[in-house]
Amino acid sequence: MSEESTTASRSYLTPFNMIAGIIIVLGLIVTVLRFTKGLATVTNLSDYNPWGIWIGFDLMVGVSLAAGGYVTSAAVYLFGMKKYHSAVRPAILTGFLGYALVVLALHYDVGRPWRLPYPFLVQQGTTSLLFEVAACVALYLTVLFLEFSPAALEWLGLKKIRQWIVRFTLVLTIFGVVLSTLHQSSLGALFLIAPSKLHPLWYSSYLPVYFFITSIIAGLSMVIFEGTLAHRYFAHKMDPVHLEEKDQVALGFGKAAALVLAGYFIIKVIGISAGNHWHLLGTGYGIWYLVELLGFVGLPCFLYALGVREKNLVLIRWTAVLTVIGVVLNRLNISLIAFNWHLPSSERYFPHWMEIVISAFIVTIGLVAYRFIVSRMPIFYEHPDYKESH
Amino acid sequence: MEGMFLTLHEFMVYTKGITYILMVLALLGITGFWLFLTEGDEAEK
């Protein structure tokens, strides 16, 4: 074997590639099982628990964490905060991949992928919240694809199509914000139908508002978190403008997140008061609720504010991690942990290991696709042919 | 029997009373938090 080929083969055998490869192979095997043997073979879903982690984690968490796209593009293109422009493309890419993977995960839960267009073409359930979520996610995925496409078209050298799409940036941004407002809140509204199943501390008629506000918090925190990881692993791909603006993005988004978290904390407390659920705070579920409220809403709110005041970027970045975990916890609490809380433990849901494999498989596909795209397309830098064209 | 609500009216009067007090505290709190958050901005200018 020549020395050159040895070096090439060695470079592909990185820890990331090996772990990703194993997860993808396992995921493909479970995918075959899921679509040939059905849900019962690979999941612990039942009539009591029809939604497992493919909905609770892949969809609920996926959609909220992909909110960075609409939050960042709204800040830059609608509110004119041009100093955050370098954060737009990475945020749009994360949003686009996030929504694409949400749709992929939905196929595993729903099955029969060829029937995906049925709600639009065959049988419109226009009075259903699920129809609204499906319509918004389908439209928003298209919007994100169009918003992301200039980077791909610059890479491919298709200047005319790229110039044509860029003209619609503002319209696409407005459309994206409208669609996100609708479906982020509707995901929370899905649980309004189950007041007897969801624990009273988490159940509220304000659930749609809670979901929408937490999506803003998740979006802001994910931009900071993703920016930190990108700077660590792809700093060589970043141009001076991106490197210069990254601290400003963390400070600005951290400040916004602190304020939104403070508002969210207040309306959560108001929610307890409006339902008069104070007495439930002393129960086991109540303590778990306080962990979520104080540890993953109140604490990050204070830490963000402290980080912004003292311009402590390390603190802001760690707080972003804490906040992202908090949003994940909130979605899991509502869809799984506090759902069916009154059932005996023998009837409670715990994911089958193959469900976890599929969730890991989907996240891994996202990471691999992200790495493929940022290694090739102008995400962290301005393409030399299109400088000053924004 | 203390703490039990016999009518919706009693429940609403009690919960709204508490909520209104909390709202006043929240408005004061968010103002203080805003000052805490933006204190450094003035010095920068």
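A: Start with the core itself. In this predicted model, the largest nonpolar core holds 101 residues. Those with the most contacts inside the core are I217(A), A258(A), L261(A) and Y304(A). Helix α11 of chain A, residues 207-234, supplies the largest share, 13 residues.

Now zoom in on A258(A). Leaving aside residues up to four places away in sequence, A258(A) touches C301(A), Y304(A), A305(A), V308(A) and L37(B). One of these partners, Y304(A), is itself among the core residues with the most contacts. Another, L37(B), belongs to chain B.

That leads to the second chain. Chain B has one helix and no strands. Of its 45 residues, 4% are buried. Its contact with chain A involves 13 residues of chain B and 13 residues of chain A. On the chain B side, nine of the contacting residues are nonpolar, three are polar and one is charged.

Next, helix α12 of chain A. This helix covers residues 240-275, 36 residues in total. From its first C-alpha to its last it reaches 52 Å, close to the 52 Å expected at 1.5 Å a residue. Even so, α12(A) has a kink of about 35°, and the kink is centred on K246(A). Just after α12(A) comes N276(A), with a positive phi of about 55°.

Helix α13 of chain A runs over residues 284-309 and contains G295(A).

A135(A) lies 31 residues from L104(A) in sequence. The C-alpha atoms of L104(A) and A135(A) are 15 Å apart.

Now the loops. R112(A) sits in the loop between α6 and α7 (118-121) of chain A. Its phi is near 45°, a positive value in a residue other than glycine. R112(A) is exposed, because it has 9 C-beta neighbours inside 10 Å and the exposed class takes 12 or fewer.

N340(A) lies in the loop between α14 (313-337) and α15 (353-376) of chain A. Its phi is positive too, about 60°, although N340(A) is not a glycine. N340(A) has 17 C-beta neighbours inside 10 Å, so it counts as partly exposed.

Finally, confidence. Chain A averages a pLDDT of 92, and 96% of its residues score at least 70. Residues 1-7 of chain A are another matter: the pLDDT there is below 50. Beyond near neighbours in sequence, this stretch has one contact in the model.

Notes
Residues numbered from 1 in each chain as written. Chains lettered and ligands numbered in written order. Predicted model: local features only at pLDDT ≥ 70, side-chain atom pairs only at ≥ 80, totals over all residues. Contact = placed C-beta atoms within 7 Å. Nonpolar A, V, L, I, M, F, W, Y, C, P; charged D, E, K, R; others polar. Helix = DSSP H or I, 4+ residues; strand = E, 2+ residues; numbered from the N terminus. Buried ≥ 20, exposed ≤ 12 C-beta atoms within 10 Å, placed from the backbone. Core = buried A, V, L, I, M, F, W, Y, C linked by C-beta atoms within 7 Å. Expected span 1.5 Å × (residues − 1). Bend = angle between axes of the 7 residues up to and from the residue. pLDDT = per-residue confidence, 0-100.
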